[in-house]
Amino acid sequence: GHDPFRVMAELYGKATGTSQGLGGSMHIFSKEHRFYGGHGIVGGQIPLGAGIAFGDKYHNVDAVTLTFFGDGAARQGSLHEAFNLAMLWNLPVVFCVENNGYAMGTSVERTANHTDIWKLGLGYEMPCGPVDAMDPEKVAEAMSEAIERARSGGGPTFLELKTYRYRGHSMSDAQHYRTKDEVAEYQKIDPITQVKDRLVKDHGLSEDEIKVIDKRVKARVAECEKFAEDSPYPEKSVMYDAVYEQEDYPFLPAKS
């Protein structure tokens, strides 16, 4: 729901960004839209998501927290602590592991003796299961069911969203852990292509109409890029607004 111009500016580290350019790609944040960004610590958002859900339940807020993390982050011990307390306190939270098969560059098979990450929920008697995340409709159905469960007092859900990434984790990722043929096979079931095909076959959308949509989206992105490029970098003084100084902080010697 946030302004895409400000999102792009945050990616550029500009003052007009969602966090005034101080957060970058991992910390696109909006209190207004209840979007609490990412986390610099791998898996750090898992207990934070449970904590936000705890706060909503404590204050009787009719809300559900969706917490996303990758298959690599699923190996963090904090996941088990969060799962335990989420079930104990029946929190309105949906834990979503986006399993692309390789985390940063290590296959799921090399990180555990099991490949069905969703089964981690079974140890806590948490409703859980796999989802074909290459199919947007199946994701929508699974998420709707989990959100309704949480909102109606049914507690947490753990979903394993099985997906794939076509490019490396970063520019320095040589992708030696997979073949080009494997990537090509997954590209055949690309979520965007699947949606496009269904719009054409099931809803009568023409190729010309799709081209109009593509052109409009590309123009919008170009506008966002220009806005970000033209925006100023934050003043250095802004950094000090995010920290505080306590004059009587204990254990520190008095200033001479």
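At roughly what angle do the axes of helix α1 and helix α7 cross? Before we look, know that this is a predicted model, where local features need pLDDT of at least 70, side-chain atom pairs count only at pLDDT 80 or more, and totals for chains, interfaces and linings use all residues. Residues are numbered from 1 along each chain as its sequence is written, and side-chain values use heavy atoms, leaving out hydrogens and water.

Now find α1 at residues 4–11 and α7 at residues 207–230: their axes cross at roughly 50° and come within 8 Å. Helices here are DSSP runs (H or I, at least four residues), and strands are too (E, at least two), numbered from the N terminus. Axes are lines fitted to C-alpha atoms, for helices over the stretch in contact, with angles from 0 to 180 degrees between N-to-C directions.

Who does the touching? On α1 it's P4, F5, R6, M8 and A9, and on α7 the partners include V221, C224 and F227; contact means heavy atoms within 4.5 Å.

Next, hop to D71, in the loop between β1 (65–70) and α3 (77–88). D71 counts as buried because its relative accessibility is 3% (buried is under 20% relative accessible area, exposed over 50%, partly exposed in between, with a 1.4 Å probe and protein chains only). Leaving aside residues up to four places away in sequence, D71 touches several residues, among them V97, Y102 and I117. I117 is 46 residues from D71 along the chain, yet their C-alpha atoms are separated by 7.7 Å.
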